[in-house]
Structure formats: structure tokens, C-alpha cells
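Please look through the structure shown here with its definitions in mind. How does each label follow from a stated criterion?

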Amino acid sequence: YEQIRLVIEESSVTVDETVYPLTIPSGSTSGLKLVSEFEVESGELIGLVLDFDVGRSLFATPPGSTNFKLKPVIRVIAEEVSGAIAGTVLPADIDAMVMAVSADETDTATTYVEAGTGVYEIGSLLPGDWSVTAMAPGYLSQSVEAVSVSAGVVAGPVDFTLEPEAP
């Protein structure tokens, strides 16, 4: 198969406890087309991960208005061909985020670090090399290049200790 279509019949977005309509072009007619090659053998099931990036998908048009549109950025990954990257970000009590970018810069994935422990895991990554960056408000970002991801394997630990930005 090469695509999946999702039909969305009803949608809204809530901002500061107020519900607004959400426009999704083609969402309720032909559906959202998710493109990804995957194979399903006769009589078998396959697990797919749909990784929705809300930060790159939701827009107010014009900016600052309450007219919201959704142009979904959704990664489709077959579970059996994906791997993960895991580790910790210290100090553990900061609001840190970790981002992975594929070597060819065509794919990204992000996750927040678990509060109090600093633990993170970014899953559903295609095999290959990934650049991993940890960041938090008020701290200098750190990156590790060429982290190798293999199917069915959690790479790491890829650990970071972030330093405060200079005043």
C-alpha cells in the first residue's frame, strides 16, 4: 500500500476554554491523504504509528485571528521497521524537549522530557543516522550527531547535561 485516507467529520480547537471551529481542507470530503509505503501480507495485520505534529499543523489565518485551519503534518511509520532513541536530560527539573532530525533532514520527531526524572524516548524512527538535540528555555542547546537507529532497537543512552545561558 502507498497511502491511507482519514475522513474527519467534525473538528474544533479550544483556546483559553473557548471552542472555535477548525477548518480542515478536504478533511470531510476526500479525507486526509497520508502517504507512506507499507506492505500487508494476506491474512496478517500491521501496526502503523501516526505521529501528528500539531506545532507544524495548526494555523490561525490571518495570524492572531480565531479563524483556525489544520494542514496536518503526520508521519506514518510501520512499527516493525522503526527504532527509537532514549536517554536523559539534566537538570531533570527543567522543561526540556528533545528533537531528532534524520541525516537527510527529511524527517523530524520531538518529545518532552519526563518531569523530575529527565528521561526521554523518541520512538517510531526509521533506521539510519539521526542528529539529536536537547533544549530548554534559559539553557544552551546540545546536540549529538550520527546516532544510529536500527529497527526494533532502542539506541542509547544519548544523555545531555544542559548549561544555563549566560545572563
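Predicted model: local features only at pLDDT ≥ 70, side-chain atom pairs only at ≥ 80, totals over all residues.

The questions and answers below set values from this model against definitions.

Q: What makes the contact of R75 and D51 a salt bridge?
A: A salt bridge requires a side-chain nitrogen of Lys or Arg within 4 Å of a carboxyl oxygen of Asp or Glu. For R75 and D51 the N to O distance is 2.7 Å, so the pair meets the criterion. The pair links distant parts of the chain, with R75 in strand β8 (residues 74–78) and D51 in strand β5, 24 residues apart. Strands here are DSSP runs (E, at least two residues) and helices are DSSP runs too (H or I, at least four), numbered from the N terminus. A search of the whole structure finds three salt bridges.

Q: What lines the largest pocket?
A: A pocket is found on a 1 Å grid over the protein atoms alone, as an open set of points where a 1.4 Å probe fits, with protein on both sides within 12 Å along at least five of seven lines; lining residues have an atom within 4 Å of a point. The residues that line the largest pocket are D51, F52, D53, V54, G55, V73, R75, T108, A109 and T110. Strand β11 gives the most, with three residues. The space in this pocket is about 160 Å³, where a volume is the space filled by probe spheres set on the points, and grid points are joined across faces, edges and corners.

Q: How many residues of each class are in the lining of the largest pocket?
A: The lining has four nonpolar, three polar and three charged residues. Ala, Val, Leu, Ile, Met, Phe, Trp, Tyr, Cys and Pro count as nonpolar, Asp, Glu, Lys and Arg as charged, and the others, Gly among them, as polar.

Q: Why are β11 and β14 said to stand at the edges?
A: Two strands pair if DSSP finds at least two bridges between them. Four strands form an open sheet in the order β11-β10-β13-β14, with antiparallel pairing. Strands β11 and β14 (142–149) each have a single partner strand, so one side of each is left without a neighbour in the sheet.

Q: What makes β10 and β13 a pair?
A: Strand β10 (residues 97–102) and strand β13 (residues 128–135) are joined by six bridges in the antiparallel sense, and at least two are needed, so they count as paired. A100 stands opposite V132 in β13.

Q: Which residues are in contact with G47, leaving aside its neighbours within four places in sequence?
A: Contact means heavy atoms within 4.5 Å. By that criterion, G47 is in contact with I77, A78, E79 and E80. G47 lies in the loop between β4 (32–35) and β5.

Methods:
Residues numbered from 1 in each chain as written. Heavy atoms only, no water.
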